[in-house]
Amino acid sequence: QVQLVESGGGLVQPGGSMRLSCAASISIFSISAMGWYRQAPGKQRELVATMSSAGLRNYADSVKDRFTIYRDIAKKAVYLQMNSLKPEDAAVYYCNARLMKNGGSRFDDYWGQGTQVTVSS
């Protein structure tokens, strides 16, 4: 079982920056991958950024070169630094932890409670 607690959301102006935090209840090294997803009204949840336990990163094309995912092993936390925010970035952002099970035959996903990011003038 993994618990994820998110923080850092709120209101920001277009072009501004914001950092989201996700604190995990277990070591980051025990989690195959962590990431951030978002869901805007009327849209499906979409991948924003992921980071494997080995430190490899992947980003959605829409946020590449603007967002950065990084981690603090000692704090058991993963962060999403968001720069040059656009109105289309507004959404509820969810932290995700993926744990490999049964020798790699399947994954279990765990989710944070979600944090609202509003981008408006």
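## A loop residue to start from

Asp65 sits in the loop between strand 6 (57–59) and strand 7; strands here are DSSP runs of E with at least two residues, numbered from the N terminus, while helices are runs of H or I with at least four. At 76% relative accessibility Asp65 counts as exposed, where exposed means over 50% relative accessible area, buried under 20%, and partly exposed in between, using a 1.4 Å probe and protein chains only. The phi of Asp65 is near 80°, a positive value in a residue other than glycine.

Lys76 lies in the loop between strand 7 and strand 8 and is partly exposed, with a relative accessible area of 32%. As background, most residues other than glycine have a negative phi.

## What you are looking at

This is a predicted model, in which local features need pLDDT of at least 70 and side-chain atom pairs count only at pLDDT 80 or more, whereas totals for chains, interfaces and linings use all residues. Residues are numbered from 1 along each chain as its sequence is written, and side-chain values use heavy atoms, with hydrogens and water left out.

## The chain as a whole

The protein chain has eleven strands and zero helices. With 121 residues, a compact globule would have a radius of gyration near 14 Å, and the chain agrees at 14 Å; that radius is taken over C-alpha atoms, and the globule rule is 2.2 Å times the number of residues to the power 0.38. Along its principal axes, the C-alpha trace spans about 50 × 30 × 25 Å.

Of the 121 residues, 40% count as buried. The accessible surface comes to about 6,500 Å², and carbon and sulfur atoms hold 47% of that; such areas come from the Shrake-Rupley method with a 1.4 Å probe, and for residues only the protein chains shown count as cover. Among contacts with a separation of 6 or more, 53% are between residues 24 or more positions apart, a contact being heavy atoms within 4.5 Å.

Four strands form an open sheet in the order 1-3-8-7, with antiparallel pairing; two strands pair if DSSP finds at least two bridges between them. The edge strands are strand 1 (4–7) and strand 7 (67–72), each pairing on one side only.

Strand 3 (residues 18–24) and strand 8 (residues 77–82) pair in the antiparallel sense over six bridges. To find this pairing on screen, look for Leu20, whose bridge partner in strand 8 is Leu80.

Phe67 belongs to strand 7 and is buried, with a relative accessible area of 2%. Phe67 and Met82 are 15 residues apart in sequence, yet their C-alpha atoms are 4.5 Å apart in space. Leaving out residues up to four places away in sequence, Phe67 touches a list of residues including Arg38, Tyr59, Leu80, Met82, Asp89 and Tyr93.

Asp89 lies in the loop between strand 8 and strand 9 (91–101) and is buried, with a relative accessible area of 1%. A polar contact of 3.0 Å joins its side chain to that of Arg38; a polar contact is a pair of N or O atoms within 3.5 Å, and within protein one must be able to donate a hydrogen and the other to accept it, with residues adjacent in sequence counting only if both atoms are side-chain atoms. Beyond residues up to four places away in sequence, Asp89 touches Arg38, Val63, Arg66, Phe67, Ser84 and Val119.
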